Amino acid sequence: MASGEAFDSDWILRMSDATPVGVLWRALEADGGTPGPACAAAFGSLRAQLDTTLAGLNTVPGAARTGDPPEDEHPNWLAPWLQTLARLGPWQHGLERTQGLQIALDRYLHAHAQCARILLESARTGLDTLEQHLQTAAQDPQQSLPESYRALYEWWLTDSEACYEQTLASQQWASAFGRLTNATTELVGRYQEQLDAGLRTLDLPNRDDFLDTQRRLVELERGQRRTAQGDELAALREEVARLREEVKALRAERTAGRREQ
Amino acid sequence: MAESPPGSGLTDWQRRLIETLEQGAELPVDTRGATPFTLHAEPGPGMHLRRYAPARSTGQRPVLIVYSLVNRPFILDLTERRSLIAALTRAGHPVYLLDWGYPKGADRFLGLADYIDEFLAAAAAEVATSEGASPDLLGVCQGGVFALCLAALQPHRVHRLVNLVTPVDFHTPGDNLSRMAQEVDFDQATQTLGNISAEWLNGVFVALKPYRLLAQRYMDLPELAGHPEALHDFLRLERWMYDSPDQAATAFAEFGRECYQRNGLLRGTLTLNGRPVHLGNIEHPTLNVYAEQDHLVPADAARALRDHIGSTDYGELAFPGGHLGVFISRRAHAELLPRIVAWLAE
């Protein structure tokens with residue numbers, strides 16, 4: 001079986017009707033192999049799907065903005081009220097932790113939506129590029145159009161990847177990725193705080209306790225290693241190694257001398 | 001357009017897929033590598049210094065391979081036909097490989113100074129004691145950075161250096177991995193997550209080439225039916241790609257912050273145990289091997305060594321391929337490795 005032959009089998013084509021390239025291939029077939037109205041409709045439909053998803057992302061509070069969200073999404077006048085209220089009463093530590101968790105969750109949702117939007121826009125640009133690519137090839141007798149599902153798949157892959165690479169190289173993506181990573185770890189940290197507080201209340205060992213023990217263990221081992229390195233034994237081992245090297249060099253010199261004689 | 005009779009491909013495609021899956025299930029996936037070795041020492045917690053005996057006794061100097069912390073080293077010994085380690089033992093070198101192992105919970109507090117100034121230094125000392133000669137260091141990717149640091153700080157431990165696809169300038173224009181790392185708060189991430197999970201890190205690496213690694217890589221799997229050797233190679237590489245240790249938190253944060261964000265190796269601001277690492281202090285004969293289409297360590301990132309190393313005996317080999325191609329491609333084994341072996345034999 002030649003490379004790519006299995007990929008064009010009828011079974012996989014039917015399976016792929018649910019994928020963007022499968023939809024485009026069926027449309028290209030319907031247009032007789034040259035992009036026409038069916039292809040235009042298929043591209044339009046795929047773009048509409050992406051636009052619907054993008055619109056859904058914009059319902060996340062503040063997702064349409066770039067950069068960090070404000071400390072919280074409450075109106076400015078409400079934020080200090082809530083912060084002060086969380087500091088009152090016997091449960092103030094718990095309330096402050098919960099408030100911090102809520103802010104971290106908002107920040108995470110915002111950062112996630114921003115990353116997803118950038119990736120969807122990249123996928124949309126990839127579709128535009130592929131459509132343009134097909135139209136250009138159709139108008140140029142020197143170029144050939146994809147004659148198999150696999151060939152179209154390769155075109156889609158190459159064009160989409162090129163757009164993705166541009167996204168990857170952008171400062172916008174680097175910032176969004178950094179914000180999402182930081183927001184994720186902050187959110188995890190807030191959950192850890194809540195969990196640690198609960199375990200402490202029950203007098204069960206928590207993360208802080210484990211880390212404290214591990215830190216002491218590593219420091220102890222590090223101290224032992226350094227003591228061992230300073231030992232006379234270590235110095236002797238190195239001396240032996242140096243002497244062996246000298247003996248080896250002397251033997252090599254002697255052998256070379258014999259050869260010259 | 002070519003038309004295929006309805007249903008004709010069904011049986012054939014399914015048959016080949018089933019054959020591939022059945023044949024794949026029968027194949028072992030051994031991550032030890034193809035060349036036999038003995039465990040020689042334990043330079044650090046969970047670490048092993050492996051020794052690969054030379055195939056013939058020629059008095060060649062020992063080679064200590066310093067691999068990256070990010071993946072497992074069996075890519076260097078994937079099969080008998082594609083093995084950098086076997087190429088070195090065939091040339092008569094006793095080969096040592098420092099297997100960093102899989103960090104455990106308490107290892108989160110191990111920093112770069114522990115890894116380089118202590119564990120790697122201890123491994124090099126052990127090789128020197130056993131073989132009667134300080135080793136040539138062969139650093140791979142991040143391991144090359146470690147080898148450079150050791151050569152700069154403890155020069156007597158190292159005889160010569162060979163760096164394979166090793167980043168030195170972390171701020172070159174085409175470095176997407178570095179660009180993505182610039183705004184990450186590594187300290188917050190490691191304090192929160194502890195050792196960085198392999199899954200998370202693999203996700204980042206896959207995100208650099210998702211179309212190739214996820215959309216394309218598995219498409220022709222049925223065509224490996226009836227080609228057991230190719231299928232075995234495919235499965236071994238597949239296992240290698242995702243058989244990644246977690247990253248010790250402190251060392252990971254230090255590497256991300258000092259190397260990727262502050263470019264400390266190039267600028268001389270990276271310090272280990274309070275001592276700055278100056279590439280200008282490295283006077284060892286050095287061979288720097290880089291890949292011209294490397295998406296993880298751009299050629300410029302590796303080539304930067306030439307302008308900053310103190311050695312006057314410095315050479316470069318450019319390989320026309322990608323990061324992994326240096327280790328596993330037929331071309332590398334036919335053309336590149338013999339040149340590295342020849343350099344080591346000088």
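Which residues have the most contacts inside the largest nonpolar core? Select B:Leu64, B:Ile65, B:Val66, B:Leu98, B:Leu120, B:Cys149 and B:Leu150, which have the most contacts within this core of 113 residues. A nonpolar core here is a set of buried Ala, Val, Leu, Ile, Met, Phe, Trp, Tyr and Cys residues joined through C-beta atoms within 7 Å, and buried means that 20 or more other C-beta atoms lie within 10 Å of a residue's own, with C-beta atoms placed from the backbone.

This is a predicted model, in which local features need pLDDT of at least 70 and side-chain atom pairs count only at pLDDT 80 or more, while totals for chains, interfaces and linings use all residues. Residues are numbered from 1 along each chain as its sequence is written, and chains are lettered from A in the order in which they are written.

Next, select helix H3 of chain B, residues 112-131, which gives the most to the core, with 12 residues; helices are DSSP runs (H or I, at least four residues), numbered from the N terminus. Centre on B:Leu120, which, leaving aside neighbours within four places in sequence, is in contact (C-beta atoms within 7 Å) with B:Val66, B:Leu98, B:Tyr115, B:Phe146 and B:Leu150. A second, separate core of 16 residues includes A:Leu28, A:Leu46, A:Leu127 and A:Tyr153.

Now move to chain A and select H2 (residues 20-30) and H3 (residues 37-57), whose axes, lines fitted to C-alpha atoms over the stretch in contact, are 8 Å apart at an angle of about 160°. That angle makes H2(A) roughly antiparallel to H3(A) (over 145 degrees, on a scale from 0 to 180 between N-to-C directions). Among the residues making the contact are A:Val23, A:Leu24 and A:Leu28 of H2(A) and A:Cys39 and A:Leu46 of H3(A).

Terms used
A residue is buried if 20 or more other C-beta atoms lie within 10 Å of its own, exposed if 12 or fewer, and partly exposed in between; C-beta atoms are placed from the backbone. Helices (H or I, at least four residues) and strands (E, at least two) are DSSP runs, numbered from the N terminus. Two residues are in contact if their C-beta atoms, placed from the backbone, lie within 7 Å. Angles under 35 degrees count as roughly parallel, over 145 as roughly antiparallel, 65 to 115 as roughly perpendicular and the rest as oblique.
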